[in-house]
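Subject: A structure to look through

Dear colleague,

I am passing on a structure for you to look through, and below it I have set out what was found. Please keep the structure open beside the text while you read.

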Amino acid sequence: MLGTDLLRHTAMLSVAVAVLGALMQPASLVQPASLGAASPASLRRSAVMVGQDAPQAIRATRLTGGSHRAEDACMMAGSEKTVMILFGPPGAGKGSQAPKIVEKLSIPQLSTGDMLRAAVAAGSEVGKQAKDVMASGGLVSDELVVSIIRERITEADCKEGFILDGFPRTVEQAKMLDEMLGAAGDKVSLVLALEVPDEVLTERICGRWVHKASGRSYHVKFAKPTSLADGATPSEETMLDDETGEALMQRADDTEEALTKRLQGYHDQTVPILAHYEPTGIVSKVDANIKPEQVWTSIEKVLP
């Protein structure tokens, strides 16, 4: 009897030590081989020796292993940044949709112009280089723009990701961006393109008039000022600001001739960039020739 009791207590102690060791081991260190070593049969034998219900022991072990695997998967999924590139021709509604994306994802929208000005104002090394180039009337090189982006995305607000607006504009810039992100262990995760037929954009933009002092915007069809009577021809005499009565104006690049050039440039630049990223399956094209709220619904469906 004494020998039997001693054997039973020894077995119970061995199992307890093994379980305690497994619980203390970090989940990330648990390898499939070590999990496989504790087979259901061996657990059943150990459970019977200590008087525990065998199925309960097996279920507990499986649940513990499953929770570790689920926890590891969640940690891996949560560690990936959202790096988005936002495309849209002039008049596509990018200006109204981008703030919603920023709010939804809690990541900043970065434009090359804003980043350049901020870098120059901050007096950083790349900012000084950019300032010298701009002061001489030269164009800021792709390498310098990428350096400014690299510097900007190290700031705290970009920890979970960011949205690039206005960059890249060429396939070569896209490749440079990919290389820069790859060096930091990141990558572009979504390329979102708002699409509107050119003829619709022409109507949207060429009918736009603004009040220079306030920035208030009107449209000869969609948001007419009260001064424009039905059937009247839009002009500085008939297009007046509702609040001040002052004459409205059209921007120089809101003419049909200027817009045609802008759209051609946009298509020439954007189509190859989309083709560059399409093999990776991260390009989403959204029809923006519908009501703004419907556009947003479509956008939400492709956001991470």
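Which residues line the second largest pocket? In this model, which is a predicted one, the lining is made up of Gly91, Val200, Glu203, Arg204, Ile205, Arg208, Ser217, Tyr218, His219, Phe222, Ala223 and Asn289. Sorted by class, the lining has 5 nonpolar, 4 polar and 3 charged residues, and the volume of the second largest pocket is about 340 Å³.

Two elements, α10 and β6 (217-219), each supply at least two residues of this lining, and α10 gives the most to it, with 4 residues.

The helix α10 covers residues 198-206, and within it Val200, Leu201 and Ile205 are buried. Seen down the axis of α10, these buried residues fall within an arc of 120°, so they line one face of the helix. Among the elements that cover the buried residues of α10 are β5 (208-210) and α11 (256-277).

As for the chain as a whole, its secondary structure comes to 12 helices and 7 strands, and 32% of its 304 residues count as buried. Its accessible surface comes to about 18,100 Å², of which 57% belongs to carbon and sulfur atoms. If you take the contacts between residues at least 6 apart in sequence, 67% of them join residues that are at least 24 apart.

With best wishes

Technical notes
Residues numbered from 1 in each chain as written. Predicted model: local features only at pLDDT ≥ 70, side-chain atom pairs only at ≥ 80, totals over all residues. Heavy atoms only, no water. Buried < 20%, exposed > 50% of the residue type's maximum accessible area, 1.4 Å probe, protein only. Arc of directions from axis to C-beta. Contact = heavy atoms within 4.5 Å. 1 Å grid on protein atoms, 1.4 Å probe; cavity = no way out; pocket = protein on both sides within 12 Å on 5 of 7 lines; lining within 4 Å. Points joined across faces, edges and corners; volume = space filled by probe spheres on them. Nonpolar A, V, L, I, M, F, W, Y, C, P; charged D, E, K, R; others polar. Areas by Shrake-Rupley, 256 points an atom, 1.4 Å probe, with all protein chains shown as cover.
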